[in-house]
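Please look through the sequence and the model shown here before reading on.

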Amino acid sequence: MSDLAAADLDVRLEGHRRELTGYCYRMLGSAFEAEDAVQDTLVRAWRSIDKFEGRASLRSWLYRIATNVCLDMLTAGNKRARPMDLTAATPVANAQLNSRPEVTWLEPVPDGRVLPTVEDPAEAALARESVRLAFMAALQHLPPKQRAVLILREVLAWKASEVAELLDTSVASVNSALQRARSTLAESEPRESDPADPLDEEQQKLLERYVAAFEGYDMTALTALLHEDATLSMPPYDLWLRGHDDIVGWMLGVGEVCRGSRLLPTVANGTPAFAHYHPDPEKGGFTPWALMVIETSGGKVSGICSFLDTERWFPLFDLPGRLDGEGHPVPAP
């Protein structure tokens with residue numbers, strides 16, 4: 001292959017990276033595993049380009065490779081979850097922090113790494129909905145091949161015949177797998193949330209009030225913003241709380257260490273999110289504490305998931321490693 005042809009192939013392969021990452025993320029539930037899977041896919045495609053006969057499009061061929069990579073990664077039976085998928089809600093009076101391994105947890109992902117740029121609002125909304133943490137958790141209940149069929153058919157709008165060709169199976173088998181997948185999802189249907197992009201004026205005001213209440217540690221104001229059955233979870237701990245009374249009880253107990261924190265807005269999994277920074281009593285300013293993913297519905301906050309492994313999440317989301325005493329980002333040295 002000439003240098004010019006190789007450069008052209010690189011550009012063509014890279015042009016599919018974002019959508020492949022979105023597909024692999026939905027399959028695997030891990031932002032980092034998805035990136036590894038896509039890299040493996042592109043390397044395999046590069047090495048076997050001479051075998052690509054052009055009977056299908058390059059995109060379809062890449063999806064075939066990516067599907068096989070993901071299915072291989074899922075053969076160990078590992079599936080990722082949220083705390084509420086593993087245990088019952090714990091009353092705040094009995095709350096204990098028990099950590100589980102990183103491989104247990106469904107991981108957040110920046111929108112820009114997995115969501116395509118599309119002009120159709122309905123298509124954009126479907127893409128965002130399909131990476132919500134609740135939907136991602138529901139996907140984990142599906143066997144790997146059913147998961148692939150559902151994503152390809154329902155999210156990416158492939159034809160049954162196209163999916164059958166990709167999976168080397170029949171259209172009837174694809175339709176049967178899709179029916180079983182839909183049935184399983186119906187049993188664990190994720191809670192509906194408000195559309196999040198772009199945020200309407202009411203949603204913007206809700207998030208502004210949330211930031212003001214959290215940074216001011218005004219629990220009366222925070223309670224008013226939370227659904228009565230709102231949830232709070234904090235991976236890697238398996239503890240989760242349900243109800244605004246228990247959430248506020250936690251915030252005024254063990255969570256009291258968060259008093260005086262600062263929040264910077266970002267987006268994750270198609271929903272609003274905040275980089276949560278904690279006061280640093282030794283050096284002053286604020287240091288990373290959590291990536292806080294917010295779910296809203298009906299004009300109130302319905303879920304707060306604070307991912308505490310900031311050494312993983314803040315670099316992935318290109319978030320500042322420190323804030324000064326005024327809450328402004330400190331430039332990296």
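Two strands are said to pair if DSSP finds at least two bridges between them, while helices (H or I, at least four residues) and strands (E, at least two) are themselves DSSP runs, numbered from the N terminus. This is a predicted model, in which local features need pLDDT of at least 70 and side-chain atom pairs count only at pLDDT 80 or more, whereas totals for chains, interfaces and linings use all residues. Residues are numbered from 1 along each chain as its sequence is written, and side-chain values use heavy atoms, with hydrogens and water left out.

**Overall build**

- The protein contains 14 helices and six strands, and along its principal axes the C-alpha trace spans about 65 × 50 × 40 Å.
- Of the 333 residues, 47% count as buried, where buried means under 20% relative accessible area, exposed means over 50%, and partly exposed lies in between (1.4 Å probe, protein chains only).
- A contact means heavy atoms within 4.5 Å, and among contacts between residues at least 6 apart in sequence, 65% join residues at least 24 apart.

**The paired strands S3 and S4**

- Strand S3 (residues 262-268) and strand S4 (residues 271-279) run antiparallel and are joined by seven bridges.
- Arg262 has Tyr277 in S4 as its bridge partner.
- The hairpin of S3 and S4 has two residues between the strands, and in this hairpin Asn269 takes a positive phi near 55°.

**Nonpolar cores**

- A nonpolar core is a set of buried Ala, Val, Leu, Ile, Met, Phe, Trp, Tyr and Cys residues joined through side-chain atoms within 4.5 Å.
- The largest such core has 71 residues, and those with the most contacts inside it are Tyr23, Cys24, Tyr25, Met27, Leu150, Tyr277 and Leu291.
- To this core H4 gives the most, with nine residues.
- A second, separate core has 27 residues, including Phe214, Leu225, Leu263 and Met292.
- Leaving out residues up to four places away in sequence, Cys24 touches Gly29, Ala34, Ala37, Val38, Ala66 and Cys70.

**Salt bridges**

- The structure holds 19 salt bridges, each being a side-chain nitrogen of Lys or Arg within 4 Å of a carboxyl oxygen of Asp or Glu.
- Glu102 forms a salt bridge with Arg80, with the closest N and O atoms 3.3 Å apart.
- This pair links distant parts of the chain, 22 residues apart, with both Glu102 and Arg80 in the loop between helix H4 (58-73) and helix H5 (111-114).
- Glu102 is partly exposed, with a relative accessible area of 34%, whereas Arg80 is buried at 4%.
- Arg100 forms a salt bridge with Asp238, the closest N and O atoms being 3.1 Å apart.
- Here too distant parts of the chain are linked, since Arg100 is in the loop between H4 and H5, Asp238 is in the loop between strand S1 (226-233) and strand S2 (240-242), and the two are 138 residues apart.
- Arg100 is partly exposed, with a relative accessible area of 30%, while Asp238 is buried at 10%.
- Arg259 forms a salt bridge with Glu256, the closest N and O atoms being 2.4 Å apart; Arg259 is partly exposed at 42% relative accessibility, and Glu256 is partly exposed at 29%.

**Arg80 and Ser30**

- Glu33, Arg80, Glu102, Glu107, Asp309 and Arg312 are linked in a network of salt bridges.
- Apart from its neighbours within four places in sequence, Arg80 is in contact with several residues, among them Leu28, Ser30, Glu33, Glu102, Trp105, Glu107 and Gln140.
- Arg80 and Lys51 are 29 residues apart in sequence and 35 Å apart in space, C-alpha to C-alpha.
- Ser30 has its place in the loop between helix H2 (17-28) and helix H3 (31-47), and Ser30 is buried, with a relative accessible area of 1%.
- The side chain of Ser30 makes a polar contact of 2.8 Å with the side chain of Glu107; a polar contact is a pair of N or O atoms within 3.5 Å, where within protein one must be able to donate a hydrogen and the other to accept it, and residues adjacent in sequence count only if both atoms are side-chain atoms.
- Apart from its neighbours within four places in sequence, Ser30 is in contact with Tyr25, Arg80 and Glu107.
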